[in-house]
Amino acid sequence: MRVRNKYRKSTAFPCNVGSRCSISIVVWSLVGFLLMLQIYSLISHRNTVSGDIKLRMSRHPLVRELEQVEEENIQIPPPRGKRSPRAAKRRPKRTTTLVDEFLDENSQIRHVFFPDMKTAIDPLKDAGNDSFYYYPGRIWLDTEGNPIQAHGGGMIYDERSSTYYWYGEYKDGPTYHAHKKGAARVDIIGVGCYSSKDLWTWKNEGIVLAAEESNETHDLHKSNVLERPKVIYNENTGKYVMWMHIDDANYTKAAVGIAVSDYPTGPFDYLGSQRPLGYESRDMTVFKDDDGVAYLIYSSEDNSELHIGPLTKDYLDVKPDIRRILVGQHREAPALFKYRGTYYMITSGCTGWAPNEALAHAADSIMGPWETMGNPCIGGNKMFRLATFFSQSTFVIPLPGIPGSYIFMADRWNPADLSDSRYVWLPLIVGGPVDRPFEFNFGFPLWPRVSIYWHRKWRLPSSWRVTK
């Protein structure tokens, strides 16, 4: 028996060596195959990206103008007088930064971030060659001469009327703090709606979902929070469906609200609120895919991650199929769009009303996995890019005419006077190599770069404008 055991031990060793060798050969062959496949995919994708860029340049020379970004050289002035409590609390003993100046309502360079009414964009004024120009950060007037109130907004294009509708928070009220440690806020007034044929001249369609004045238990009572309303049209029911962030003054309710209307200009009937499948929901958006399926995307778990889930066929509820994405990355303000079968998303960090760095993300499936592509901002200066041009993402508008071209919609929040928060609209183009390797795919990027270009003044090429 001992001899047999010894013999078995001596023959087992070379047998294991052979097995390990065979396994190694299979593993390395598989790795080599995957690498070759990845390289082929990369080369093919780069050719596609190059083709996209050449197509844009050949058909629309003005795209080249949009990619010629402007630089900013803003000097921080020496201290003069007492700083505002908000700025002092943020950095009491450190060197003042450009973000501190932005948040300081007493700053000597306040006009750089919040120009006064003299420079307002007025679509009814005969501006000559300045017509149809966007000026990020300036006051933007509607056709009645009043500042547009559509913050944290979203956009739909109604094919039946060939009209764009812009929905957002109507914040034309006083800014205050509900308690000593509470965030700056404005009482709920409602959701404003504006219509346009050209994305530049906006008519006020009124408040399409109004606050509740007397019933303190109602979600829309003026003492609560209504943020980031988004509207999508349901072809099956013929209804316009609005989703929004609903909260209390302390941001502990963390829910989504739903409202419906037969018309894009309302009025919308409020149906109620919920926590999707029991999860917290704060900053959110909705996205309607090419196949008509709609999705809710929202910040959850104390804003530490995002959740994505499909809506029911009538768009009035969330199906029990939620995916957790960007876990532990603390992202909010999601804005989604799709290009050539790939889903893209812009998000911001979580710093309250203060600006921070945007990140672009991409996925082959909207349910993930999602990969981070890096900061999409180009131009201005380093601080402009790290602060998303002193704004926060809210929506991305697809543009007709040229594939891969969009408008990036963002809010420049003014925590000292939220009603005077501004809009930052900039060109967003998909194309070119990304800045950093991804977590997966062996470091080889599968998708082109998402670029948001800074301009003090810009306009869409004439072929992009809606002139119906």
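User: Why is Arg323 called partly exposed?

Analyst: In this predicted model, Arg323 has a relative accessible area of 37%. Buried needs under 20% and exposed needs over 50%. The value for Arg323 falls in between, so the label is partly exposed.

User: What makes the pair of Arg323 and Asp321 a salt bridge?

Analyst: The closest N and O atoms are 2.5 Å apart. The cut-off is 4 Å, from a Lys or Arg side-chain nitrogen to an Asp or Glu carboxyl oxygen. The pair of Arg323 and Asp321 meets it, so it is a salt bridge. Asp321 is partly exposed too, at 31%.

User: How many salt bridges does this rule give?

Analyst: The count is 15. Another of the pairs is Lys253 with Asp219, 3.6 Å from N to O. That is within 4 Å, so the pair qualifies.

User: Where in the chain do Lys253 and Asp219 lie?

Analyst: Lys253 is in the loop between strands E8 (239-247) and E9 (255-261). Asp219 is in the loop between strands E6 (203-210) and E7 (225-234). They are 34 residues apart, and the pair links distant parts of the chain.

User: What makes the link between Asp219 and Ser273 a polar contact?

Analyst: Their side chains are joined at 2.7 Å. The limit for a pair of N or O atoms is 3.5 Å. The distance is within it, so the label holds. Beyond its sequence neighbours within four places, Asp219 also touches Ile188, Asn224, Ile246, Tyr270 and Gly272, among others.

User: How do you know that Asp290 and Lys338 form a salt bridge?

Analyst: The N to O distance is 3.2 Å. That is within 4 Å, so the pair counts. Asp290 lies in the loop between strands E11 (284-288) and E12 (294-300), and Lys338 in strand E15 (residues 332-339), so the pair ties together parts 48 residues apart in sequence. Asp290 has 68% relative accessible area, over the 50% mark, so it is exposed. Lys338, at 24%, is partly exposed.

User: Which residues are linked in a network of salt bridges?

Analyst: Glu70, Glu72 and Arg456.

User: What is in the largest nonpolar core?

Analyst: The core has 61 residues. Those with the most contacts inside it include Trp140, Met155, Leu199 and Trp425. Strand E22 (residues 422-430) gives the most to this core, with six residues. Apart from it lies another core, of 20 residues, with Leu226, Val231, Met244 and Tyr270 among them.

User: Which residues does Leu199 contact?

Analyst: Setting aside neighbours within four places in sequence, the contacts of Leu199 include Tyr134, Trp140, Met155, Tyr164, Trp425 and Leu460.

User: Why is Leu226 called buried?

Analyst: Leu226 sits in strand E7. Its relative accessible area is 8%. The limit is under 20%, so Leu226 is buried. Past residues up to four places away, Leu226 touches Glu169, Ile188, Val191, Leu209, Leu220, Met244, His245 and Ile246.

User: How far apart in space are Leu226 and Ala211?

Analyst: The C-alpha to C-alpha distance is 9.1 Å, and the two are 15 residues apart in sequence.

Note on methods. Residues are numbered from 1 along each chain as its sequence is written. This is a predicted model: local features need pLDDT of at least 70, side-chain atom pairs count only at pLDDT 80 or more; totals for chains, interfaces and linings use all residues. Side-chain values use heavy atoms; hydrogens and water are left out. Helices (H or I, at least four residues) and strands (E, at least two) are DSSP runs, numbered from the N terminus. Buried means under 20% relative accessible area, exposed over 50%, partly exposed in between (1.4 Å probe, protein chains only). Contact means heavy atoms within 4.5 Å. A nonpolar core is a set of buried Ala, Val, Leu, Ile, Met, Phe, Trp, Tyr and Cys residues joined through side-chain atoms within 4.5 Å. A polar contact is a pair of N or O atoms within 3.5 Å; within protein, one must be able to donate a hydrogen and the other to accept it, and residues adjacent in sequence count only if both atoms are side-chain atoms.
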